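Dear colleague,

I am handing over the structure below, and my notes on a helix pair and some aromatic rings follow it. Please read them alongside the coordinates.

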Amino acid sequence: MKKIIFSLLGLFSFNLAAQEIYPEINSAAEEIEEQVISWRRDFHQNPELSNRETETAKKIAAHLKSLGIETTTGIAKTGVVGILKGGNEGKTVALRADIDALPVTERNDLPFKSEVRTEFLGSETGVMHACGHDTHIAIMMGVAEILSKNKDKINGTVKFIFQPAEEGPPPGEEGGASLMIKEGVLKNPDVDAIFGLHINSETPVGTIKYKPEGTMAAVERFVINVKGKQTHGSAPWSGTDPILISAKIIDGLQTIISRESKLVDAAAVISVGKITSGIRFNIIPESAEMIGTIRTLDPDMKALILKRMNDMVPAIAKAYGGEATVEIQNNTAITYNDPELTSKMLPTLQKVAGKENVVLAKATTGGEDFSFFQEEIPGFYYFLGGKPLDSNEPAPHHTPDFFIDESGMLVGVKTMSQLAIDYLNQ
């Protein structure tokens, strides 16, 4: 009976504390909104590619140090980690923001438009925050400022993880969440849970979307090399056409999805994004290369697809007189929201954004290397509305016209701040 009474008293104390703290967090977030927008515009105008975020990291580290937060740089090449100890002992929660941009040339007409140019994989390109990571950095810097000024109300420790290379490191390099974990980012102190968010150009400002369990797909990158026999284009019978074989392989891969994958259980996708072959209109070439992606939301379905690809690709090539190999590289795991943690923190999102604005969503076939953190500890990842108010057809992420309504960041600052406090003060 005493245990029940103490438990109820503890729950009452937490609810009372949350009610007392929330107005302060709410007001503090509104006070620094203009600063958060200013930070975001600076990062947008000065984007840096994966594993090359040196200036971005310097700005983040300078801000954390100015707040008196213990700061470490150079983690996973350019990552920054800040540790904020609360006024009382308790658990440790991590908040993560990704910081890299993409090799995309911006088309938006903005006063803070990116004009950065670079070379990527041998081609000249623009650089753009075409996925909203600039907003994630700014939001997290705002959260760090708010929590640092309320650390006496925090029972435990907050670890701020500013992660490079979420979009994937350059070929031949390590990077991203997996390298941060390898270098001990979840240790010293050991992290008990982690939260992350992603702004979304198709979700209305003020709306939050979430899903327990599998919410984003595991991502694999594959390379298929086809070998044929070169000959004159006028005499295809004298050689073996790797382009024809490639077409048959692509067709075969789609039957794995349409005829062998149980799509009523979970979505799955195989897409070929690049095919390279040949040099002249009247020469059947000797070889072809295909590069693509696999997206799965179910571990058993993923295992089936990978097995069938390894079986099918060389068999199809052999049937047409050629040879083929397939290499599959894991990019991310399934972004899996721990059900207990999700249920525990849902009231916080509803308190901040309004119950009517927190929407249960369906899983997506996008990928996110936040999933590697979730393989180690319980994690919760949600989507933040950033849809331009005057746009009926907002540009998708990873495109030159991608655009975010900056007013959506305020809810991000409020929710991430309150999630950290509520988790630790429970």
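Axes here are lines fitted to C-alpha atoms, for helices over the stretch in contact, and angles run from 0 to 180 degrees between N-to-C directions; helices (H or I, at least four residues) are DSSP runs, numbered from the N terminus. This is a predicted model, in which local features need pLDDT of at least 70 and side-chain atom pairs count only at pLDDT 80 or more, while totals for chains, interfaces and linings use all residues. Residues are numbered from 1 along each chain as its sequence is written, and side-chain values use heavy atoms, with hydrogens and water left out.

Helix α3 (residues 54-66) packs against helix α4 (residues 133-148) at an angle of about 15 degrees, their axes lying 10 Å apart, and the two are therefore roughly parallel to each other (angles under 35 degrees). In contact (heavy atoms within 4.5 Å), T56, K59, I60, H63 and L64 of α3 meet I137, M141, A144 and E145 of α4.

As for the rings, the structure holds 5 aromatic pairs (Phe, Tyr or Trp rings, the six-membered one for Trp, with centres within 6.5 Å; planes over 60 degrees apart count as edge-to-face). One of them joins F370 and F373 edge-to-face, at 6.0 Å centre to centre and 65 degrees between the planes. Y381 and F383 also form an edge-to-face pair, with 5.8 Å between centres and 90 degrees between planes. Ring pairs link F370, F373, Y381 and F383 into a cluster; F370 and F373 are buried (under 20% relative accessible area, 1.4 Å probe, protein chains only), and Y381 and F383 are buried as well.

Conventions: Phe/Tyr/Trp six-rings, centres within 6.5 Å; stacked < 30°, edge-to-face > 60°. Buried < 20%, exposed > 50% of the residue type's maximum accessible area, 1.4 Å probe, protein only. Parallel < 35°, antiparallel > 145°, perpendicular 65-115°, else oblique.
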